[in-house]
Amino acid sequence: MDLDELFLLDSLAYIEGVLAFVFFVLLTLVGSPYGRYSWQHPGVQVPARPAWFLQELPSMVWPLYECVRPAAARLSSLPNRVLLAMFLIHYVQRTLVFPVLIRGGKPTPLISFIGAVLFCTLNGYLQSRYLSQFAEYADDWVAQPCFLTGFALWLIGMVVNIHSDHILRNLRKPGDTGYKIPRGGLFEYVTAANYLGEIVEWCGFALASWSPAGGAFALFTISTLLTRARQHHQLPVHRDRDRLRLLSHPGVLLLFTSVASDGKPNGSLSLSGRTSRHTFEN
């Protein structure tokens with residue numbers, strides 16, 4: 001039975017890795033159909049707060065379930081506990097904290113919501129079961145350079161992601177209307193600092209876990225968030241604004257710098273002789 005489940009987990013990891021490339025191509029061609037990029041006639045939609053809570057919930061429940069099960073064979077090992085805790089901490093924040101802090105988020109089309117629920121359910125199962133039942137690490141794995149580097153990247157990425165979300169939530173002051181570009185933090189250098197943070201976070205997790213499951217998750221994160229970041233950057237307001245551009249090929253992130261005509265970033269953009277402000281939304 002254990003061998004059958006291990007085969008299932010390995011298969012899910014490879015399928016997730018293949019889907020990462022499929023979605024990269026698909027989303028590059030048609031874009032991500034939620035938030036500001038929702039279809040003109042999206043059909044049934046789920047309000048932002050319950051959508052985020054419900055779609056992220058399976059990835060929080062799975063590791064919690066494994067933690068309380070007496071049969072979680074590998075959780076007696078410190079590396080397994082730390083890695084599962086890294087996964088759980090992210091989804092506790094995403095499930096219980098992030099939705100509460102949302103300010104006027106756009107509803108999610110039902111098809112996008114269902115897709116997110118399915119992914120979080122399968123990926124939550126994959127990561128949680130692999131780390132709690134099958135992953136084998138040396139006792140000193142948490143002191144090895146591979147783990148320490150991955151853990152540092154995971155922590156930095158999570159901090160950048162949370163801080164960038166905070167900046168996005170506070171773009172508008174009471175009574176403000178119109179569009180604004182986010183300023184501060186890594187938004188001074190990249191168009192989608194929140195997505196960059198999450199990509200770094202899960203690449204760090206993949207390095208720390210050194211597993212097909214972690215690697216597949218990182219690839220899928222890159223394929224979905226990078227394509228959406230490119231959508232943001234291709235908007236006229238971001239295409240015309242000078243800042244670092246985040247581009248990618250499979251497994252490689254490249255930063256290209258475009259230089260402003262006056263060499264200085266600023267909070268407004270002049271278009272056709274007029275100065276306007278724009279909002280960056282997820």
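Contact here means heavy atoms within 4.5 Å. The notes below use that term throughout.

1. Basis. This is a predicted model, in which local features need pLDDT of at least 70, side-chain atom pairs count only at pLDDT 80 or more, and totals for chains, interfaces and linings use all residues. Residues are numbered from 1 along each chain as its sequence is written, and side-chain values use heavy atoms, with hydrogens and water left out.

2. Gln133, setting. Gln133 sits in helix H4, residues 110-134. Helices are DSSP runs of H or I with at least four residues, numbered from the N terminus. The residue Gln133 is buried, at a relative accessible area of 14%. The classes are: buried under 20% relative accessible area, exposed over 50%, partly exposed in between, with a 1.4 Å probe and protein chains only.

3. Gln133, partners. Setting aside neighbours within four places in sequence, Gln133 is in contact with Glu66, Arg69, Ala71, Ala72, Ala73 and Arg74. Ala72 is 61 residues away along the chain, yet its C-alpha atom and that of Gln133 are separated by 5.7 Å. The side chain of Gln133 also reaches the backbone nitrogen of Ala73, at 3.3 Å.

4. Gln93. Gln93 counts as buried because its relative accessibility is 14%. Leaving out residues up to four places away in sequence, Gln93 touches Phe98, Pro99 and Ile162.

5. Nonpolar patch. Phe53, Leu54, Leu96, Val97, Val100 and Leu101 form a nonpolar patch on the surface, together exposing about 470 Å² of accessible area. Patch members have over 30% relative accessible area and no salt bridge; nonpolar side chains (Val, Leu, Ile, Met, Phe, Trp, Tyr) are joined within 5 Å. A salt bridge is a side-chain nitrogen of Lys or Arg within 4 Å of a carboxyl oxygen of Asp or Glu. Areas follow the Shrake-Rupley method with a 1.4 Å probe; for residues, only the protein chains shown count as cover.

6. Patch make-up. Helix H2 (48-68) and H3 each supply at least two residues of the patch. H3 gives the largest share, four residues. Leu96 counts as partly exposed, at 44% relative accessibility.

7. Trp210. Which backbone angle of Trp210 deserves a look? Phi of Trp210 is near 50 degrees, a positive value in a residue other than glycine. Most residues other than glycine have a negative phi. Trp210 is in the loop between helix H6 (193-209) and helix H7 (212-234). At 60% relative accessibility, Trp210 counts as exposed.

How values were computed
A polar contact is a pair of N or O atoms within 3.5 Å; within protein, one must be able to donate a hydrogen and the other to accept it, and residues adjacent in sequence count only if both atoms are side-chain atoms. Patches are made of residues with over 30% relative accessible area and no salt bridge: like charges are joined within 9 Å, nonpolar side chains (Val, Leu, Ile, Met, Phe, Trp, Tyr) within 5 Å.
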